[in-house]
Each structure stands twice: as structure tokens, then as C-alpha cells.
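Work through these exercises with the structure open. Try each task before you read its solution.

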Amino acid sequence: MSNNRILEVKDLCKTYIINKRQNNVLRNVSFSIDKGEMVAVMGPSGSGKSTLLYTVSGMDKMTAGDVKFCGKSLSEQSENSLAEMRLDDMGFIFQQMYMMKNLSIIDNITLPAVKSTRKKESRKEILRRGQDLMHKLGISEICENDINEVSGGQLQRACICRSMINDPQMIFADEPTGALNRTSSDEVMEELTKLNSEGTTIMLVTHDSKVAAKCSRVLYIVDGNIRGSII
Amino acid sequence: MKYLGIAAIGAVIGFFLSIPFGNMLLSSVSRKMYLGSDSSAAVGILCSLAVVLVILAFCWRCTRKIKKLSPIDAVRSGQTGERFKKKGLLRLGKSKLGATGFLALNDVFSSPKQFGVMTVIFTVCLLLVMCLANTGNTLASRKLLPLMCSTDSDIYITDTDMIMEVMTGETTVTEQCDKIEKKLTDNGLPCSVHAEGLVSPAVEFKGNKLSPTFLYCKDTKASDYSYSEGYAPKYSNEIALTSSVAEKLEAGIGDKVNITINEKTDEYIVTALFQSMVKLGETGRFHESLKIPDSAVSQVMGFQIDFDDSPDEEEIKSRISRVKDIFDTKYVDDTDGFVMSCIGEGVKDTINGVKVFVLLIIVIIVIMISVLMERSFISKEKPEIALMKAMGFKSRSVRRQHTLRFLISAAIAAVLAILLSTPVTRLCIDPIFGIMGAIDGVEYNIKPVEVFAVYPVIIAAATVLGGIPHSHVHEDHQSLGYFRHRIKEI
């Protein structure tokens, strides 16, 4: 594996048992992602796009195969070390903009940094970094707002800030614009593209071709298999 | 219908369990008193019905929320697009707590209704146990001695045979006291012995007649006892009365009442009022200088021994065994034991037994409430738990957060219960002591370690035990699978 490679997937299989029937969602999927790439995963409904995203990020257990993230094989990691990897090395953006309902926007963003022990930072320093990220993404004004007081686009940008707070190696995004209107979608994709241009590796799942068009590479998945890769 | 069924089953089980439990409680007090044979089954059935109705009433009230839900809420999953006011009270940036501690505290303050209900229940449970503990501890403590109208002595002999000798006229109070004093002195325990004699004269004031029990002891001073109003009798024609006797006679301090002893009627001035649990508060006190013939003394409380060398508590305990041997009787006690024998031997044990039983029930209730609440929390907070795990929180951090929330509720409940324990005990138990004669209340014997430490710790431990999140939080991928199941595709 080259030094530039951040994610390497080899013969990945994922099977679900539903009503005692085996459902092979991913079949021998192999690909790799280099540092600084922005890769989109596209495919028809039920093709296994999101399952692929969650399996390669360690959120879901693989049935067979090997996934190396920053040189570490995910199947060899314990639950606690996978949790540490998610905290320090990965960022997640979900379609539904999940946030902790009892925390303000800024507290939601800084929570992973407070939890992380990698950097020895004071609360003030963490708060300042969070505010800097919010300023960068153009949402400084909603710092102290409750999550119910902001629009969908603002909330998704707050989720991007949260995913970035610990300077992750890679961001995994599952339909980041799926629940947004066109204007907000464009704003969010603009931010993600900007982050990528600054060196953040991003893997995102989408069925929006406009979103995929902004990525450096598109993996096309059908029936659990990568059928093509468009650069 | 579901809750009607559950409440009905619970009420039936509770009703049938109450029968042997009630019989057990009654048996411990009915040894010395005759109880009526009226059936309490009707009361039990009525109470069971009342419990079912109360539960149904609350269920009906809670289901009113169903009216507010519309079909569109299902489509939007409850999201109406409306904006709500701020929820979180604490700020992570300004807090010194770790992430887990902050989230726990913030959750408690952000959902005051939810955790408030739990806190109130735990507080009530604790108060119940604390009241029983305070009552039990007070019933066997020397703090009730003034209400027994006795002075504090080293040892008390309450042997019924020795008391009966006085009651039957076989010997007088003075002779019996002298006999005991001589015997103890001969056995190397020089002491002085006295006894509170009980006299039952006829009292009359402005046509109101009564026969209260008067206490009299020529070896003590009237000023040695406590009075709630007025001043201690100083002369032989002065008396003190309990408030209930004064009320029945319609007499007050300064009034002259007529008292007939051995067919001789004299006037006495009421100089003081006091409290007494002797003869349910229907008592009075004569001055020690009044010449009352021994034949008028119908009973004694017990024979009080004061050793000449003023021994300490440990020495007193060892002398109690010696005195038991000297007089071949087991009825020799220190002050605490004397008070207990006046109240009734089985009462304290019964109350302690009830206290332990109630504590057990409360622990079970607290655990069950914690389990139910935690399950409800986990079910409601699945997205948040999944999000925390996606962010990189370990299972033990999530468990710690959930456990801490319960611990915070229990701690708040403990503080509230500690603050309210004494006033609530007074509110609930003073009327009971009032029936026994202590109209102005009693000084409760509160054991701080037991009441303020042991019981709160037990309740907190029960809360934590019940609130420890269940295994499906531990399973990493089951929580993270929340996101998988939210995906429309598989």
C-alpha cells in the first residue's frame, strides 16, 4: 500500500440474513482511495451504496474481505479502538443531520473535540476552533442557537463542522444533500469541495449526478459490485 | 384496557398479601391489648379499588396527548417545522466537566419534567424510610424520658413482682425502695433508690370532675422535671397538670382545683402545664413536700437506682447484669431500656421490622422504576446513542452517561429528603405521639449516619443498579445499525 493511500478495500463482502434468507449486499468489492481525493459512490436504489460506506468506515461489520484505513486493518481492531478511530481519524456526515438535542450548535460541534484525548487543548481553545470552523462555513451567527432554531442547510453545515473538528484523515458522507433544497445543497457541496481542495479526503454516497460531478472520481455500484469508475 | 388489567391484577395480589402482613403487625401489639373483631376486609377492598381508580385516572390524563397527534405527524415523524425555544441550560465551552459528565448533567437539567418525576418518587421513598427510622430510634431513646415523667437514673428495675408487692399493699413504696437500697449496698453497690408513685385522686374544678393519675416522689424535686408552661410547683399546695387534663377540667395556670385524696379534699393551685405519655397524657404532679400516705400510692413506674460513685455507661452496663443476678430478675435496664419498657417491648421491634420491610419494597420499586425509565430513555434516544457511537464514544462512556443521570437524580432526591426528613417526620409522627400524650411533639432521636448516609446510599445504589443500560447499548453494531436501518435501501 502506497503512503498516499488512505483507504484500501479488498474483496469486501457484506451479507444480511433477512427472514432466514441470505442477502449478499456487497460482493467482492475492491477499490482504494488516495489522500486528498473526493470520491462519490453512485448507483441505483438498493445497490449497496450506503452499506459500502458504513462497512469501509467500520460503522458496520464486514462479512468477509479486508479494509485498511491508514494502514490499519479494521477487522483486527477491537470495538474500543474502532471507536477511537472514528473519534480522531474519521468524520461522518449523515443525510438526516443528527444532532444532540439538548446541546447548542457550538456544543454539538465541539463535543467530539472535548471527548478526544489526542490533543491536549483547553476548552477555550476547542471553542475557538469550533467558532473558526463555523466562520469558515459561514454559520457563525447560529453559534449559540438550539438545533431547532436553524434551517436544514445551516444544520448540515454545522454537521460538516462537527465532522472536521478533530482534523480527521477522512470524511464519510451519506447523502449529505439528500434532505436539503437545491440552494442549500449547492451551499453544502461548495463547502465540501472547498474542504477537499484544502486536502481533506472525502468519500460520499449520492444519487445526485450534480453532486457526483463535483467529485474527482465516481464509483458506480450495481447489485453490490463496483461496475465502473469515472474520473 | 391494558393498564386497567395491570392495575386490577396488582390490586388483587396486594389485597391478598395485605392479609397475612396485617395479621403479623397486629399480633405483635395485640398481646397486651384486646382488639375488636371488626372485619378490615371491606376497607382492604375499598383501598384496592381506590388504587385501581387512581391509576386509571392518571392513564386517562396521559392519553389526552393522543388527541393532539395528527396523521401528518406520522409522515413528518413529528417534525412540524415549528421552532422551539432553547433547551440546553449548560454550556460545554464553559464547563469543567468531562464530556460524559457534562452530557449527563445537561440531560437532567434539560428535561426537568422527566427527571423531576423520578426525583420526586425517590424523595418520597426516602422520606418514608427516614420517618420510620426516626420514629423507631426515638421510641427507644432517652429523649422520651421527660415524657415518662421520670428523672434520669443509672439503672431502672421494672420487675412486675416487686411492683405488685406495692400495688397489693404487701409493702409500701418507701419500704420497697429501702429494701432494694440495702440489698445493693450489701452487695457492694452503694446507691440511693427512689420510685415515682402513681396516685389516682378525684379532681374537681367548677363542676368538672376527673380522675387523672398524679405522679409523686418525695426523693426528687418538682423542679427536676420539664414543664411547657408556668413554673414548677414550689409548695405542697401547688400542682402541675398536663394540657389535656387542664383542658378537660377547663382549668388553667393560677386556678385552684379541688383534689380528694383518701377522702380528704384540699385546694391546690395549678402552677404549670407539662407533657406526659403516662396514662395517655392524663396525669398531674404533686410537689414533693406534700404528705401523701403510702396507702394512697397505687402503683410505681419502676425503681430508680442512682449509684453513689456516678459510674460511666460501660460500668453501668456491667452493673446491670450484676443487679439482675442479685434480684434474680431480667427486668433491669438503663435509661433507653426503661423508656422502651414504658412504651411497650414489641413496639420498637415492630417498627424496625416494618422499616426493613418498607426499605425492601422501596428498593424493589426504585429498581423497577429505574429499569422502566432507562428502557424508555434508550428507546427514545436511540438516534442520539447511535450518533455518539458514530462520533467515537465507546459503549462504556454511553453507559456511564446514562448511569450518571440516574445518580444525579438520586443525589438530588437524597439532598431533598435529608432537608425534609425532620419536618416531614414531625408532620406525620407528631400526631401519633400526640395521641399518646405528647401534645407539643417530641424531640426526635435522629441517627445521622443511618438516616443521612445509609438510606440515601442504598437508594442511590438501587437507582444505579436499575439504570445500568441494557446490553443492546453494549453491542456496538446494533446501535450503529440504527443508521443502516434508517437508509431506505438495503
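Predicted model: local features only at pLDDT ≥ 70, side-chain atom pairs only at ≥ 80, totals over all residues.

**Exercise 1.** Repeat the analysis for Asp167(A): where does it lie, and what is its phi?

*Solution.* Asp167(A) belongs to the loop between helix H5 (152-164) and strand E7 (170-174) of chain A.
Step 1: read the backbone angle. Phi of Asp167(A) is near 50°. That is a positive value in a residue other than glycine.
Step 2: assign a class. The relative accessibility of Asp167(A) is 47%, so it counts as partly exposed.

**Exercise 2.** Is Met62(A) buried or exposed? Name the residues it touches.

*Solution.* Step 1: locate Met62(A). It is in the loop between H1 and strand E4 (64-69) of chain A.
Step 1: apply the cut-off. Buried means under 20% relative accessible area. Met62(A) has 18% relative accessibility, so it counts as buried.
Step 2: list the neighbours, leaving out residues up to four places away in sequence. Met62(A) touches Leu12(A), Cys13(A), Lys14(A), Thr55(A), Val67(A), Leu74(A) and Ser75(A).
Step 3: take a separation. Met62(A) and Asn148(A) are 86 residues apart in sequence. Their C-alpha atoms are 36 Å apart in space.

**Exercise 3.** How many residues of chain A are in contact with chain B, and what area do the two chains bury?

*Solution.* Step 1: count the residues. Chain A brings 48 residues into contact with 45 residues of chain B.
Step 1: take the area. The two chains bury about 4100 Å² between them, with 55% of it on carbon and sulfur atoms.
Step 2: Tyr98(A), Asn102(A) and Arg123(A) supply 17% of the area that chain A buries against chain B, more than any other three residues.
Step 3: count the salt bridges. There are 3 between chain A and chain B. Arg91(B) forms a salt bridge with Glu144(A), where the closest N and O atoms are 2.8 Å apart.
Step 4: sort the chain A side by class. The side that touches chain B has 18 nonpolar, 15 polar and 15 charged residues.

**Exercise 4.** Into which domains is chain B divided? Describe the contact between domain 2 and domain 3 of chain B.

*Solution.* Step 1: divide the chain. Chain B has domain 1 (1-27 + 42-65), domain 2 (95-143 + 344-490) and domain 3 (155-333).
Step 1: take the separation. The C-alpha centres of domain 2 and domain 3 of chain B lie 49 Å apart.
Step 2: look at the contact. In chain B, 8 residues of domain 2 are in contact with 8 residues of domain 3. The area buried between these domains is about 690 Å², and carbon and sulfur atoms give 55% of it.
Step 3: count the links. Between domain 2 and domain 3 of chain B there are 0 salt bridges, and 3 residue pairs are in polar contact.
Step 4: sort by class. The side of domain 2 that touches domain 3 in chain B has 5 nonpolar, 2 polar and 1 charged residues.

Definitions and conventions. Residues numbered from 1 in each chain as written. Chains lettered and ligands numbered in written order. Heavy atoms only, no water. Contact = heavy atoms within 4.5 Å. Buried area = accessible area lost by both parts, 1.4 Å probe. Salt bridge = Lys/Arg side-chain N within 4 Å of Asp/Glu carboxyl O. Nonpolar A, V, L, I, M, F, W, Y, C, P; charged D, E, K, R; others polar. Domains from an automatic or database assignment. Polar contact = N/O pair within 3.5 Å; in protein donor to acceptor, adjacent residues only side chain to side chain. Helix = DSSP H or I, 4+ residues; strand = E, 2+ residues; numbered from the N terminus. Buried < 20%, exposed > 50% of the residue type's maximum accessible area, 1.4 Å probe, protein only.
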